[in-house]
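This report describes a structure for a reader who has not seen it before. The sequence and the model come first, and the description follows.

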Amino acid sequence: MPFRSDPLRWTRLAERGVTVSDNAATVEMWQSCGSDWLLDAIAEVIGARWPLEAGGARSFGRVLIRADELARAYASMVGAAADGDPHAAQLLEWMRQVPDEHSFGVRRTVVDALGIAPAAVGIKAGWFCDSDELTLRTHVVAVVLDGETAAITVVLTAIGTDPLDRARYSSLYREGAAVLPMHQRYAGSTICSETRTLLRRITR
């Protein structure tokens, strides 16, 4: 396993990748692992192989995945944490530390819908629009663990953007936070609405 060679480096990168969705840290992990190794490891755990989009010059950011498959992966992580896996438990703890401004309103949506404390809601959000893409990609996963209440919601979006916004995106983007308002404007309401719908389905 690649991360065993330098665990402190991997911990630093993983924490940045989870808590503030640091794309640079995530890319470094992805490239250090090798996409084939990582996708093989995931497939072994969840029983589903995620293919890569054909024709791209890079593998990062081109994994083709459905929301239900991603939910299954997060459920596997929750199960591993319950079985005592310290790495899975650490990932869940980092998800609970994700700032509210990075959740696109999902943490508040979950809290209001279920009547639970914010600390019970772990978030993993991601957002990007590369120079060769025509859509703005935003996703938010919520993992709820509050006593007997357990739920996972996954919303993935890819929304076409105004040409002026596309031109501004690359000039604004540095480490990610500068483009958050654009992702919020395009996808925030949809992500919260879909999260509420999912919560109604899985908690009724």
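Which residue in β3 is the bridge partner of Leu145? The bridge partner of Leu145 in β3 is Ala150.

The model is predicted: local features need pLDDT of at least 70, side-chain atom pairs count only at pLDDT 80 or more, and totals for chains, interfaces and linings use all residues. Residues are numbered from 1 along each chain as its sequence is written, and side-chain values use heavy atoms, with hydrogens and water left out.

**Strands**

Helices (H or I, at least four residues) and strands (E, at least two) are DSSP runs, numbered from the N terminus. Two strands pair if DSSP finds at least two bridges between them. Strand β2 (residues 135-146) pairs with strand β3 (residues 149-160) in the antiparallel sense, over 12 bridges. Thr138 has Thr157 in β3 as its bridge partner. The two strands β2 and β3 form a hairpin with 2 residues between them, and Gly147 in the turn has a positive phi of about 65°.

Strand β1 (residues 121-128) is also antiparallel to β2, with 8 bridges. Here Ile123 has Ala142 in β2 as its bridge partner. The hairpin of β1 and β2 has 6 residues between the strands. In a regular strand the side chains alternate between the two faces of the sheet.

**Loop residues with positive phi**

Ser21 is not a glycine, yet it has a positive phi of about 50°. Ser21 lies in the loop between α1 (7-19) and α2 (23-33). Phe104, also not a glycine, has a positive phi of about 55° and sits in the loop between α5 (86-96) and α6 (106-114).

Are these residues buried or exposed? Buried means under 20% relative accessible area, exposed over 50%, and partly exposed in between (1.4 Å probe, protein chains only). Ser21 is buried because its relative accessible area is 9%. Phe104 is at 2% relative accessibility, so Phe104 counts as buried.

**Salt bridges**

Side chains of opposite charge can pair when their charged atoms come close. A salt bridge is a side-chain nitrogen of Lys or Arg within 4 Å of a carboxyl oxygen of Asp or Glu. The count by this rule is 11 salt bridges.

| Pair | N to O distance |
|---|---|
| Arg66 and Asp68 | 2.9 Å |
| Glu133 and Arg137 | 2.9 Å |
| Asp165 and Arg185 | 3.2 Å |

Asp165 counts as buried because its relative accessibility is 8%, whereas Arg185, at 52%, counts as exposed. Salt bridges that share partners join Arg66, Asp68 and Glu69 into one network. Arg66 is partly exposed at 48% relative accessibility, and Asp68 is partly exposed at 41%. In the remaining pair of the table, Glu133 is buried at 11% relative accessibility and Arg137 is partly exposed at 25%.

**A positive patch**

Arg196, Arg200, Arg201 and Arg204 form a positive surface patch. Patches are made of residues with over 30% relative accessible area and no salt bridge; like charges are joined within 9 Å, and nonpolar side chains (Val, Leu, Ile, Met, Phe, Trp, Tyr) within 5 Å. Arg201 is in helix α8 (residues 180-203) and counts as exposed, because its relative accessibility is 54%.

Key
Areas by Shrake-Rupley, 256 points an atom, 1.4 Å probe, with all protein chains shown as cover. Lys, Arg positive; Asp, Glu negative; His and termini not counted. Charge placed at Lys NZ, Arg CZ, Asp CG, Glu CD.
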